[in-house]
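The method comes first, then the case.

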Amino acid sequence: MTTAATKPARSAESVRAPKLRADATRNRERIVLAARDAFVEHGAEVPLDEIAKRAGVGNATLYRNFPDRTSLIKAVALLVKGRILALAETAAAEADGGTGPFDALQRFAHATVEEKVGALCTVFGTRVDPFDPDVVEIRDRMRAAVGGLLERARAAGELRPDVDHGDLFIAIAQLSRPLPNTSCRMLDDFVHRHLQLFLDGLRAPARSVLPGRPATFEDFQAAHH
């Protein structure tokens, strides 16, 4: 029978392995977050050395995690889309929990512009495969979650009937995109103000007839890619 005294000792390698894996995970997360911020500020062609510097890692660590620019951009896309999905699911839970549906929709919209998706549209559109299974899965879940938010607000009589997913996402993308010859920080001073003006225009009863047709989720995706 094996006793505590005779139980084989864990090797130094096995003791260190969990810490090494945790460090590797943190490094990867830092790289992706640093890349997101760099892409927002400088676009898709920002030097990868600059991203590594921002993340506080060496170039070898960056390339070990992301062998090329495209793989890094995909990781950023999944991060941003995943965060937006989580915001939509939280807002849906709030609406189900008694929060007014339109109030939940508004909180989702204001939180989503903080992800700077408008500044990243051109980065994702040229480098992310829209048919990648990971991208398709998260996109479908996001469409369902946001669609649920809109339907709740519409059923409650709080959302005008002639708008769709794409109207909301296009407005968020436009409002979170830096204006030419201005800094992202300057835009941040006004984005929530202008977003609220847009959201007030979504409320029922509608004060005017909108030209054209509602923008669908597919319209937004076509423009995005």
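Q: What should I know about the model and its numbering?
A: This is a predicted model, where local features need pLDDT of at least 70, side-chain atom pairs count only at pLDDT 80 or more, and totals for chains, interfaces and linings use all residues. Residues are numbered from 1 along each chain as its sequence is written, and side-chain values use heavy atoms, with hydrogens and water left out.

Q: How many salt bridges does the rule give?
A: Side chains of opposite charge can pair when their charged atoms come close. The rule asks for a side-chain nitrogen of Lys or Arg within 4 Å of a carboxyl oxygen of Asp or Glu. Here that gives 16 salt bridges.

Q: Where do Arg26 and Asp23 lie?
A: An α-helix has 3.6 residues a turn, so residues three or four places apart point the same way. Helices are DSSP runs (H or I, at least four residues), numbered from the N terminus. Arg26 and Asp23 sit three residues apart in helix α1 (residues 12-42), about one turn of the helix. Their side chains form a salt bridge, 2.2 Å from N to O.

Q: Which parts of the chain does the pair of Glu45 and Arg127 link?
A: Start with the contact: the closest N and O atoms of Glu45 and Arg127 are 2.4 Å apart, in a salt bridge. The pair links distant parts of the chain, 82 residues apart: Glu45 is in the loop between α1 and α2 (48-55), and Arg127 is in helix α6 (residues 117-127). Glu45 is exposed at 52%. Arg127 is partly exposed at 26%.

Q: What distance separates N and O in the pair of Lys74 and Asp132?
A: It is 3.0 Å, again a salt bridge. Lys74 belongs to helix α4 (residues 69-96), and Asp132 to the loop between α6 and α7 (133-155), 58 residues apart. Lys74 is partly exposed at 25%, whereas Asp132 is buried at 16%.

Q: Which residues do shared partners join into one network?
A: Arg36, Asp37, Arg83 and Glu115.

Q: Why is α5 described as largely enclosed?
A: Ten of its 13 residues are buried, so the rest of the structure largely encloses α5. Among them are Phe102, Leu105, Phe108 and His110.

Terms used: Helix = DSSP H or I, 4+ residues; strand = E, 2+ residues; numbered from the N terminus. Buried < 20%, exposed > 50% of the residue type's maximum accessible area, 1.4 Å probe, protein only.
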